[in-house]
Structure formats: C-alpha cells, structure tokens
Amino acid sequence: MAIRAEYIWVDGTDPTPKLRSKTKVIHDGSEPPEWGYDGSSTNQAPGAASDCILRPVFTCPDPIRGGDNILVVCEVFNADGTPNRTNERAAMRATAERHAAHDCWFGVEQEYTMYQNGRPLGWPKNGYPAPQGPFYCGVGSDEVYGRNIVEEHMEACIDAGLKISGVNAEVMPGQWEFQIGPAGPLEQGDHMVVARWLLYRIGEDYGVDMRLDPKPMRGDWNGAGCHYNFSSKAMREDGGIKAIEAAMPKLEARAALHISNYGDGIEARLTGKHETCAYNEFRYGVGDRGASVRIPLGVAQDGKGYLEDRRPCANIDPYLVGRLLMETILD
Ligand code: ADP
Ligand code: MN
Ligand code: MN
Ligand code: MN
C-alpha cells in the first residue's frame, strides 16, 4: 500500500525562517529517501545552482492523514553535501554529541497567537477587548477563543508521539501556549518543528493563521515568548542548585549573544514590563517572572531541578536556542 510522507524543513526566510513541506508518495514500503527541491524559492540557494537536498532525520506518524502515513523532519544540505547555512540542526548535532554525558533536558513553552481576518481571534472588529486579566488560563466563551483548535492540535501532537506536556490559554486574548518536554537536545527541536507544523496545518482547516510574532499588539498587551527550561544531569541531582547557580554568571557574560539570537523583534517584547526583563539587562531570581532567568520556587526548595530562560521569543529556532544554552553553560 502506498503511503504519503510529508517532508518538513526550515526555510531561509529572513529574518525569521518559516516551515515548508511537500509530499512524497512511497509505493514500495521503503524508508523515506533523500529528496531535492528548489532552494531558490525558499531563500536557500541561488537560482543558478538551486538544488537543495532534504535528508530525513526524524519520522513520526502523521495524525492528519492517519493510517501508515508519516511526517518526516529533514535537514537541508547544499548540492556539494555541506549543511545549508540555514541548517541549525547540523550545528546542534555536534554540540549534543560533545555534551551527551550531561544528559541535557529541555522544556519548551511555545506561545503563539491565533489570527483571523487580520486580527487576533476573538478581538472585536473595531477597538479592543477588555484589558488583560481574566484571559490567562481562562474558561468561558467570553474569555477564551479557539479552544477547539487547541484541543485538536494537542491530540494530534499526542497521536504523532510528540512529548507534548501541556497547553494553556495566555494573558492576551487569542494567545495560547503549548509545552514540549522534557526532551533531549535534538529531540526538543524535532518535536517543536512537528508541533509547529501541525499547528499551522490544523489552522488551515479553520481559516486561522498561527503567528509567532513576539509582540503582535503594541501597548498594554503581553508579547509571545518561548521560555526554555533547561537542566543538566548535575542540576537534577541532590544539591544541583549549585550547578544551577554556577550557570548564572556564564549566562550573564554571554547575554548579548543570546539576545541577538533569541528572535527578531526581541526589543519590542523584552521591555521590562509584561513579565519580562529588559533586553539590555540581565537578572536572575527565584520565582521572579520579571527576571531574564528564573529559578522556579519548587527548584529552590528542593535544592535541585532546572532553570528557566525567559528571554527567547516565540519565533526562535529551537536548535539554535538549545545549542547556545548548552554551549554557554557547559563548554
Ligand atoms: P511555567 O510555570 O513557566 O508556565 P510550564 O509548566 O509551562 O512552566 O513549562 C515548564 C516546562 O519545563 C515543561 O515543559 C516541563 O516538562 C519542563 N521541565 C520540567 N522539569 C524539567 C527539567 N528538570 N529540565 C528541563 N525541563 C523541565
Ligand atoms: Mn508556561
Ligand atoms: Mn506562557
Ligand atoms: Mn514559563
């Protein structure tokens, strides 16, 4: 029986890459092979030498098509076999291998905003909704919009075998969050790519487009982030709080590097208001949602666990953010 394999990859759109995908029908029961595409149409190759190569690296069941159909996350390579400049996963492979003994875990909180007719879902045609307050983790048709889509997406992630760990309505109406993790360095990135692709794909069926804009609405509205919860083996062991605290001066020393790789538009989101620390400051604290990096209260009480980097924006590349955290804290 023929199956359909949806090949998914990260493109070269500047400044924020997008996801692309196309379908291969596999007739003979074989593994998904390498495949090519026109890299000049995705800002990944010049027109005169436009062939790029898709190399399958992660495969899971396709919950949209069902049956034996599959989703296939791919790394992008140039015609000469070198990783494309947009291939952040290739660099993460090397870092993950170098630090395999640390057994790093990531918990990723992806915030996003649903849009319909050019405005966030549930927003009135003219003017604004009521001020923020009741929407975060809200319930009721006057407070949350799009829950049916969120439920469908969560179920699809579970059926695909992703390590999705929860969802919640966010502070701004029309904004939501899902979490992936704990998952390993490459795994968190692969699962994030599939979870995002499923979000966009399911949105198609509802005429809702999903945006990762870090500050969709100016003014007194929360932005959209992608908090990174991180732990090494040493952080999770008894007394691990020492390893967590030891990471802070390292994160502070490379704060500018992190900020410049934490998503286009970060200055508009990290203002020091709306549960953020300003992009040009660095602060960490226990239970502090106005810090750059938070040590959750329960972690401080247990004396072990993980740290939360609150700076990454909704539009980050998960392989890039994961790699920077590992290199800054562990190299
Ligand atoms: P918040 O309170 O900031 O909203 P969430 O519950 O949304 O936090 O997300 C926390 C994430 O951290 C979850 O994905 C969870 O699986 C993950 N997590 C839990 N423990 C660890 C750990 N030791 N290392 C890394 N991530 C972890
Ligand atoms: Mn959260
Ligand atoms: Mn959140
Ligand atoms: Mn968080």
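In the predicted model, the manganese ion (ligand 2) has Glu109 (OE) and Glu177 (OE) as its protein donors, which lie 2.2 Å from it; donors are N, O and S atoms within 2.8 Å of the metal (3.2 Å for Na, K and Ca), and sites may look incomplete because water is not among the atoms. Glutamate 109 is part of strand β6 and glutamate 177 of strand β9, so this pair ties together parts 68 residues apart in sequence. Strands (E, at least two residues) and helices (H or I, at least four) are DSSP runs numbered from the N terminus. Glutamate 177 also bridges the manganese ion (ligand 2) and the manganese ion (ligand 3), which lie 3.8 Å apart.

The model is a predicted one, in which local features need pLDDT of at least 70 and side-chain atom pairs count only at pLDDT 80 or more, whereas totals for chains, interfaces and linings use all residues. Residues are numbered from 1 along each chain as its sequence is written, chains are lettered from A and ligands numbered from 1 in the order in which they are written, and side-chain values use heavy atoms, with hydrogens and water left out.

The manganese ion (ligand 4) is coordinated at 2.0 to 2.4 Å by Glu109 (OE), Glu109 (OE), His227 (ND1) and Glu308 (OE). The spacing of these donor residues in sequence is E-x117-H-x80-E. Glutamate 109 bridges this manganese ion (ligand 4) and the manganese ion (ligand 2), at a separation of 4.0 Å.

Ligand 1 is surrounded by 17 residues, a residue being near if one of its heavy atoms lies within 4 Å; the closest are Glu109, Glu177, Ser231, Arg294 and Glu308. By class, this shell has five nonpolar, six polar and six charged residues. Strand β9 gives the largest share of the shell, five residues.

Polar contacts (pairs of N or O atoms within 3.5 Å) are made to ligand 1 by several residues. A polar side-chain atom of glutamate 308 lies 2.9 Å from an oxygen atom of ligand 1, and a polar side-chain atom of glutamine 179 lies 3.2 Å from an oxygen atom of the ligand. For glycine 107, a backbone N or O atom is found 3.4 Å from a nitrogen atom of ligand 1. Of the 580 Å² of accessible area that ligand 1 has on its own, the protein covers 75% (Shrake-Rupley method, 1.4 Å probe).

Conventions. Polar contact = N/O pair within 3.5 Å; in protein donor to acceptor, adjacent residues only side chain to side chain. Nonpolar A, V, L, I, M, F, W, Y, C, P; charged D, E, K, R; others polar.
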